[in-house]
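Let's take a walk through this one together. Have the viewer open and follow along as we go.

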Amino acid sequence: MHNLDEMPARLAAFLAIEEPGWRDIEVTSYEVMTGGYSRLLAKAVVRHAEGEHVFVLRGDPPADKQLIHTDRQLEWEVLRAMQAAGVRVSTPRYFDPSGDRLGTKALVLDFCEATSLLPYLAGTTEHEHRVVAEELAATAAAFHRIPVEQLPASLARPTSWDDYIGARIGEWKATALAHVESLPVLRFVAAWLDAHRPPAVPLTLIHGDFQTTNLMRESDGTLVVLDWELAQIGDPREDLGYFKAIAQAAGPDLTGIDADAFCARYRELSGMTEAQMNPAVMAYFLILGVVGTVRQLIEGGAAFSRGENSALGTLFSLTNIQYGQMMWLQATRQLDQAFAAAQEA
Amino acid sequence: MLSRPTTEQMLRGIVADLNATVAPALPDGPAKVAVAMMTQLLLGCAVRAAHEIAWMHDEIAAIEAAVGAVPAAHGESLHLDDVVVRYHAASAALADAVDAAYAAGDGPRVEVLRQLLEARNAHEMEIMGVLELVGRG
């Protein structure tokens, strides 16, 4: 997909089949994009007798260059479900499920003209951050509210919240035990999480990589959610905890400008109770919510150690694990102190 | 063996040249992002080259002081691969001790073990330096 000599012709041939009504299709521009570590990205400008379009192609890297392994078919189905539910995403247009036509399994999406949220936040004031924080709560609640029966059948349905959370906590320990060296911080995190489970909530769709760099802001303030490759059915508070976790490294932390107000807004839109969603629960999910990504990144590091992966991004992403360990240890200590203080009171 | 400049100094020198000469000559895009990642990783490698064997030794001793002797963590060789094997054995003993402390509801014991993990993490932070989300957003 990053072969700039071949791809314009491949894409034109692909579109000629997908859009038989388009005449004189020409790919006038095709360039590699940066912006994500896990998948190949390219931007293409396509002109034909009936009009012009700008697309983003999002495909799998070669097997030995894959930072994480996810399913493009599932991502395609989730994107279509989000579009049908009215959640703002980059509109999914076409899919090459075999990779025969585009060189790798790839989605073709409309190019999103909105502004990347991270630089937008960097150039605006705290007052504007508060406005975006409210929109963030609404955006998360919008896809968390979609009835599970409207989601793709290929998404696994956990049997109960207890089983699901038990499995998520177990994922920390399993990740540690499966690694090429012992990781006692992960074992500590697993034991701590198990000892401090929050109240249950209904399981919903979760994005799985809900962070500022996967959000764009349209001129009317609406947030567009990108990169659904880690979507699954889980505890919706995982997304908010995950957002908070990533924001510690790449702020501002929109959930923490006024954590009580953020939680109240999310509760209002999601129907959760205060016991189910409050700043302490969000901090619990700051830890639990990252386990899926942690597992994938650590598995990548193990594959690199075994000589099965040579991607630079795999090595670089291990810095997130280093930072994460610091954050998890700090969060468990702060929450323990808060719980102890609450008990004394 | 030429021991000076040290490995740390050499790696920092390479980073300086990447930043001063290579990165400015590249257009924005994947190659520039790759060089930014490489410089971050090389800085971490410099810290590891300077300290990792000593840090692992110190940690093994501290873990044994807390959880008791770990025979598989003993040895004389200072070759990195051998030290890593011993460090793994000590780390596994620490992880098992954490599980046991939580299973027993032994808060003071949990605190002792948590402090070992925090000391380990302080080294990780020195290796990581400043976290930059290169190429994102």
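How many residues does the contact take from chain A, and how many from chain B? It takes 27 residues from chain A and 29 residues from chain B. Keep in mind that you're looking at a predicted model, one that scores ipTM 0.93 and pTM 0.85.

Stay on the chain A side of that contact for a moment. The elements of chain A that put two or more residues into the side touching chain B are α3 (117-122), α6 (184-195) and α11 (312-344). Of these, α11(A) gives the most, with 9 residues. As for what sort of residues you'll find there, the side of chain A that touches chain B has 17 nonpolar residues, along with 8 polar and 2 charged ones.

A compact globule of 137 residues would have a radius of gyration near 14 Å, whereas chain B comes in at 19 Å. Buried residues account for 26% of the 137 residues in chain B.

What about contacts inside chain B? Take those with a separation of 6 or more: 62% of them are between residues 24 or more positions apart. As for confidence, the mean pLDDT of chain B is 94, and 98% of its residues reach 70 or more.

Back to chain A, this time for its strands. Find β5(A), residues 106-110. Why can we call this strand largely enclosed by the rest of the structure? Because 4 of its 5 residues are buried, where buried means that 20 or more other C-beta atoms lie within 10 Å of the residue's own.

Next, look at what β5(A) pairs with. Strand β3 of chain A (residues 51-59) pairs with β5(A) in the antiparallel sense, over 5 bridges. To see that pairing residue by residue, pick out A:R58, which stands opposite A:L107 in β5(A). Strand β4 of chain A (residues 92-96) also pairs with β5(A) in the antiparallel sense, over 4 bridges. Here A:Y94 is the one to click on: A:Y94 stands opposite A:V108 in β5(A). As you step along, remember that side chains in a regular strand alternate between the two faces of the sheet.

Note on methods:
Residues numbered from 1 in each chain as written. Chains lettered and ligands numbered in written order. Predicted model: local features only at pLDDT ≥ 70, side-chain atom pairs only at ≥ 80, totals over all residues. Buried ≥ 20, exposed ≤ 12 C-beta atoms within 10 Å, placed from the backbone. Pairing = 2+ DSSP bridges. Contact = placed C-beta atoms within 7 Å. Nonpolar A, V, L, I, M, F, W, Y, C, P; charged D, E, K, R; others polar. Rg over C-alpha atoms; globule rule 2.2 N^0.38 Å. pLDDT = per-residue confidence, 0-100.
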